[in-house]
Amino acid sequence: MDFSLSEEHLMIRDAARDFANNELKPGVIERDIKQEFPTEQVKKMGELGFLGMMVDPKYGGGGMDTVSYVLAMEELSKIDASSSVIVSVNNSLVCWGLETYGSEEQKQKYLTKLATGESIGAFCLSEPEAGSDATSQRTTAIDKGDHYLLNGTKNWITNGGSADYYLVIAQTDKEKGHKGINAFIVEKSWDGFEVGPKEDKLGIRGSDTHTLNFNDVKVPKENRIGEDGFGFKFAMKTLSGGRIGIAAQALGIAAGAYDLARDYSKIRKAFGTEICNHQAIAFKLADMHTEIEAARHLVMKAAWDKDQGNNYDMSGAMAKLYASKVAMDVTVEAVQVHGGNGYVKEYHVERLMRDAKITQIYEGTSEIQKIVISRGLLRD
């Protein structure tokens, strides 16, 4: 076993850490309050290569491995989970899905712009009646010969109002069940495509989450990803990798909250000494750090599995399940360590606690992760 990071990995981690502290931290509280999309910060992340980290350089990406990606995700998430989820969706769901399963024409037309940050992508699977049950797609794509006619509604879509290109999962043949589902690339400018109001969320409020409506949107045949009926498999394969990104986000939220709690405990005094000298606080810090380290090992193992070409369905699900729980547990304790100060926005930990909750919900709820894990355990 080798738990050390390469020099390149350390450089990427440090670059992400510097960017988070210098570019994301200023104004992060205000963006949260105003639900303001980090437009300038996303532009800079694109210029620095954070939006296409794992994409082959021939398509404008960084050609990095998954370990590099999760290292960057952790550092960005320590400071601003709203910005890191934009990175996660663009990398894990949109770019990876297109590069792995898209045609060369699709890669040249769309991936090259997404990988460089010139354009932003969104992944559209969830519906009012099809969240965790992804087979129950009510959005339809009717085959009209040279194009599909797309109708339906998608909700809880990250980058919903800011994306240029959308990967949309829709039912083409209901009789075939999940084998009748397809995935399509939809452009924002097309007639019949409508972006609904922004959701007023508990956390990750700087990220724009919208309902999307498709009303007789004409999608050219060449914008279908893969063979007819490949859509459900495309969604599941893509989400398996996406879960590693969200696990890294959860890890970063937890680590960021822990850092704040530890530093605060060294300067806040009670009963004549810094509160870190009280066993009640010291033991909290010990538990927090131990849980974070356990989560980090699960996340890195999942990333390593993906890089090695191993099946990462279970390791990714375990990483997301555990890291998201740690994110909630640690952020709640970080608020407690801060006492009354933890309940106000100035100290950041209340925002991290609010941001943590979504990691147990999107890209597969914790209950879905347990289904994935248990099925893997009982398969043989």
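Biologist: Which residues does S84 touch, not counting residues up to four places away in sequence?

Modeller: This is a predicted model, and in it S84 touches M73, L76, S77 and Q249, where residues up to four places away in sequence are not counted. S84 itself lies in helix α5, which covers residues 81–101.

Biologist: Why does S84 count as buried?

Modeller: Buried means under 20% relative accessible area, and S84 has 0% relative accessibility, so S84 counts as buried.

Biologist: How do α5 and helix α6 run relative to each other, roughly parallel or roughly antiparallel, and how do you know?

Modeller: The axes of α5 and α6, the latter made of residues 104–116, cross at roughly 155° and come within 10 Å. Angles over 145 degrees count as roughly antiparallel, and α5 and α6 are therefore roughly antiparallel to each other. The crossing in which α5 passes α6 is left-handed. On the α5 side the contact is made by N90, V94, C95, L98 and E99, and on the α6 side by K107, Y110, L111, L114 and A115. By class, the residues of this contact of α5 with α6 are seven nonpolar, one polar and two charged.

Biologist: What makes the pair of helices α9 and α10 roughly antiparallel?

Modeller: Helix α9 (residues 313–338) and helix α10 (residues 349–357) pack at an angle of about 160°, and their axes are 9 Å apart. Since the cut-off for roughly antiparallel is an angle over 145 degrees, α9 and α10 are therefore given that description. Here, too, there is a left-handed crossing, with α9 passing α10. From α9, the residues A327, M328, T331, V332, A334, V335 and H338 meet V349, E350, L352, M353, A356 and K357 from α10. Nine nonpolar, two polar and two charged residues make up this contact of α9 with α10.

Biologist: Why is strand β4 called largely enclosed by the rest of the structure?

Modeller: Seven of the seven residues of β4, which spans residues 165–171, are buried, so the strand is largely enclosed by the rest of the structure. Both of its faces are covered, with Y165, L167, I169 and Q171 buried on one side and Y166, V168 and A170 buried on the other.

Biologist: Which strands pair with β4, and in what sense does each pair run?

Modeller: Strand β1 (residues 121–124) is joined to β4 by four bridges, and these two strands run parallel; within this pair, A122 stands opposite Y166 of β4. Strand β5 (residues 181–187) pairs with β4 in the antiparallel sense over seven bridges, and there the bridge partner of A170 is N182 in β5.

Biologist: How do you know that strands β2 and β3 pair?

Modeller: Two strands pair if at least two bridges are found between them, and β2 (residues 140–143) is joined to β3 (residues 147–158) by four bridges, with the strands running antiparallel. D143 stands opposite Y148 in β3. In the hairpin that β2 and β3 form, three residues lie between the strands, and G145 takes a positive phi near 100°.

Biologist: What stands opposite Y148 in strand β7?

Modeller: In β7, V219 stands opposite Y148. Strand β7 (residues 209–220) and β3 pair in the antiparallel sense over nine bridges.

Technical notes:
Residues are numbered from 1 along each chain as its sequence is written. This is a predicted model: local features need pLDDT of at least 70, side-chain atom pairs count only at pLDDT 80 or more; totals for chains, interfaces and linings use all residues. Side-chain values use heavy atoms; hydrogens and water are left out. Buried means under 20% relative accessible area, exposed over 50%, partly exposed in between (1.4 Å probe, protein chains only). Contact means heavy atoms within 4.5 Å. Axes are lines fitted to C-alpha atoms, for helices over the stretch in contact, and angles run from 0 to 180 degrees between N-to-C directions. Angles under 35 degrees count as roughly parallel, over 145 as roughly antiparallel, 65 to 115 as roughly perpendicular and the rest as oblique. A crossing is left-handed if the near helix is turned anticlockwise from the far one by less than a right angle, and right-handed if clockwise. Ala, Val, Leu, Ile, Met, Phe, Trp, Tyr, Cys and Pro count as nonpolar, Asp, Glu, Lys and Arg as charged, and the others, Gly among them, as polar.
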